[in-house]
Amino acid sequence: MRIMRKFLGAALLCSGVAQASDNIVVNPGFEAPAGWQTSGSGAIVVTTLRGRGADKGVAYTACILGCQNLPGKGSYMGQTLATQAGEFYDFSFWAQSDQPGNWLSAFWDGQLLTPQRRYLDGSDWTQFRFSHLQASSPLTRFEVHSFTGLNTIRLDDFIVVLVPEPARAAMLAAGLGMLALAVRRRRLSRPSSPG
């Protein structure tokens, strides 16, 4: 019985938990000066000022002139990620504005994710989440564009993770079900001791 429990514990650790993907964004919380491509008049990465929560890293971004809501144009920050073509990813990040009326847009693989203008209210951090975004090639680019006038938008805690395949989850559930059935059968087939 102990062997079965150990096997079951190892199977759980190696399967479901391991399948929960790691974040593929380089320097997602801006704690180091690496990983980000910036363009335009005001896309600036700062690594030591008021991050969200306990971390200190944050990106300040602004665009006053030449702002465009097109991939690869205007003032933006982004990364090109190593992805698996045809697979789906979840993408999220946090943003905070100095003043009401600033807005941003996000792109994944050249496609606009946010409404044409996503306004920030100038108060607390706002999380942006986008689910089941498909990668069309082994390299997928995301960008966040800012439109701020004389103010700034702070960005932090970018996350891009692979969405587990339903077939993989189904196989895990079937395997665990068969393991549980084998344990039950073994328990029932033991002769009861007189007593």
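Leu-65 sits in the loop between β3 and β4, with β3 covering residues 58-61 and β4 covering 76-82. Helices and strands here are DSSP runs numbered from the N terminus (H or I, at least four residues, for helices; E, at least two, for strands). This is a predicted model, where local features need pLDDT of at least 70, side-chain atom pairs count only at pLDDT 80 or more, and totals for chains, interfaces and linings use all residues. Residues are numbered from 1 along each chain as its sequence is written, and side-chain values use heavy atoms, with hydrogens and water left out.

Is Leu-65 buried or exposed? Its relative accessible area is 67%, so Leu-65 counts as exposed. The cut-offs are under 20% relative accessible area for buried, over 50% for exposed, and partly exposed in between (1.4 Å probe, protein chains only). Together with Ile-64 and Leu-150, Leu-65 makes a nonpolar surface patch of about 390 Å². Patches are built from residues with over 30% relative accessible area and no salt bridge, joining like charges within 9 Å and nonpolar side chains (Val, Leu, Ile, Met, Phe, Trp, Tyr) within 5 Å.

Which residues does Asn-102 touch, leaving aside neighbours within four places in sequence? They are Ser-97, Arg-118, Tyr-119, Leu-120, Phe-147, Thr-148, Asn-151, Thr-152 and Ile-153, where contact means heavy atoms within 4.5 Å. With Ser-97 there is a side-chain to side-chain polar contact of 2.7 Å. A polar contact is a pair of N or O atoms within 3.5 Å; within protein, one must be able to donate a hydrogen and the other to accept it, and residues adjacent in sequence count only if both atoms are side-chain atoms.

Ser-105, in strand β6, is buried, with a relative accessible area of 0%. Its side chain is joined to that of Asn-69 by a polar contact of 2.3 Å. Ser-105 and Gln-68 are 37 residues apart in sequence, yet their C-alpha atoms are 9.9 Å apart in space.

Over in strand β5 there's Ser-92, buried at a relative accessible area of 10%. Beyond four places in sequence, Ser-92 is in contact with Gln-127, Phe-128, Arg-129, Asp-157, Phe-158 and Ile-159.

Asp-157 has something else to look at: its phi is positive, about 50°, although it is not a glycine. His-132, in strand β9 (residues 126-134), has a positive phi too, near 55°. For background, most residues other than glycine have a negative phi.

How many salt bridges does the structure hold? There is 1, taking a salt bridge as a side-chain nitrogen of Lys or Arg within 4 Å of a carboxyl oxygen of Asp or Glu. Arg-141 and Glu-143 form it, with their closest N and O atoms 3.1 Å apart. Arg-141 is partly exposed, at a relative accessible area of 22%, whereas Glu-143 is buried at 4%.

Here are the side-chain pairs together.

| Pair | Kind | Distance |
|---|---|---|
| Asn-102 and Ser-97 | polar contact | 2.7 Å |
| Ser-105 and Asn-69 | polar contact | 2.3 Å |
| Arg-141 and Glu-143 | salt bridge | 3.1 Å |

Now for the whole chain. The protein chain has 2 helices and 11 strands, running α-β-β-β-β-β-β-β-β-β-β-β-α from the N terminus on. Of its 195 residues, 35% count as buried. Among contacts with a separation of 6 or more, 75% come from residues 24 or more positions apart. The accessible surface comes to about 11,200 Å², and 59% of that belongs to carbon and sulfur atoms; areas come from the Shrake-Rupley method with a 1.4 Å probe, and for residues only the protein chains shown count as cover.

Finally, confidence. The mean pLDDT of the protein chain is 79, and 77% of its residues reach 70 or more; pLDDT is the predictor's confidence in each residue, from 0 to 100. Over residues 12-19, pLDDT stays under 50, and the model has 7 contacts beyond four places in sequence for them. Where pLDDT is low, the predicted coordinates should not be read in detail.
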